[in-house]
Amino acid sequence: QMQLVESGGGLVQAGGSLRLSCAASGGTFSAYHMGWFRQAPGKERVLVASITRSGGSIWHADSVKGRFTISRDNAKNTVTLQMNSLEAGDTAVYYCAAALVYQIAAMYPNYWGQGTQVTVSS
């Protein structure tokens, strides 16, 4: 089965930036749509960004649009989330996910990463 491993989380001050990376193995990376979810304590896990197999379609949630950018490199089997202008509300565990089917603004992953903590201080 596919394995997804996130990295790049940490503690950052409000207004700062982080780049999250997700490395995939054990599957055909280019066959999967990819996404990033986040979950804050006591909150639902929500989709924040997604990208189709070849990168032809990209979606970002309104809460992060203009600040976060998802991208992928199929030659390196990686997907990234560039996070700029971070706010306290962005504090959450961020999860990389892979899915065989895609819908705009919705994703039902077949595989999940272990998550990486992002904490934004002010």
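Visitor: Which residue in S8 is the bridge partner of Thr69?
Guide: In S8, Gln82 is the bridge partner of Thr69. Residues are numbered from 1 along each chain as its sequence is written, and side-chain values use heavy atoms, with hydrogens and water left out. The model is a predicted one, in which local features need pLDDT of at least 70 and side-chain atom pairs count only at pLDDT 80 or more, whereas totals for chains, interfaces and linings use all residues.

Visitor: What makes S1 and S7 edge strands?
Guide: The open sheet has 4 strands in the order S1-S3-S8-S7, with antiparallel pairing. S1 (3–7) and S7 (68–73) each pair on one side only, and they are the edge strands.

Visitor: Why is the pair of Tyr95 and Trp112 called edge-to-face?
Guide: Rings of Phe, Tyr and Trp (its six-membered ring) pair if their centres lie within 6.5 Å, and planes under 30 degrees apart count as stacked, over 60 as edge-to-face and the rest as tilted. The ring centres of Tyr95 and Trp112 are 6.2 Å apart and their planes stand at 90°, so the pair is edge-to-face. Tyr95 lies in strand S9 (residues 92–99) and Trp112 in strand S10, so the pair ties together parts that are 17 residues apart in sequence.

Visitor: Why does Tyr95 count as buried, and what is Trp112 called?
Guide: Buried means under 20% relative accessible area, exposed over 50%, and partly exposed in between (1.4 Å probe, protein chains only). Tyr95, at 13% relative accessibility, is therefore buried, whereas Trp112, at 36%, is partly exposed.

Visitor: What else involves the ring of Trp112?
Guide: A charge sits over a ring if NZ of Lys or CZ of Arg is within 6 Å of the ring centre and within 35 degrees of the ring normal. Arg45 lies over the face of Trp112, at 4.6 Å from the ring centre. Ring pairs also link Trp112 with Phe37 and Tyr95 into a cluster.

Visitor: Which ring does Arg72 lie over?
Guide: Arg72 lies over the face of Phe29, at 4.4 Å from the ring centre.

Key. Two strands pair if DSSP finds at least two bridges between them. Helices (H or I, at least four residues) and strands (E, at least two) are DSSP runs, numbered from the N terminus.
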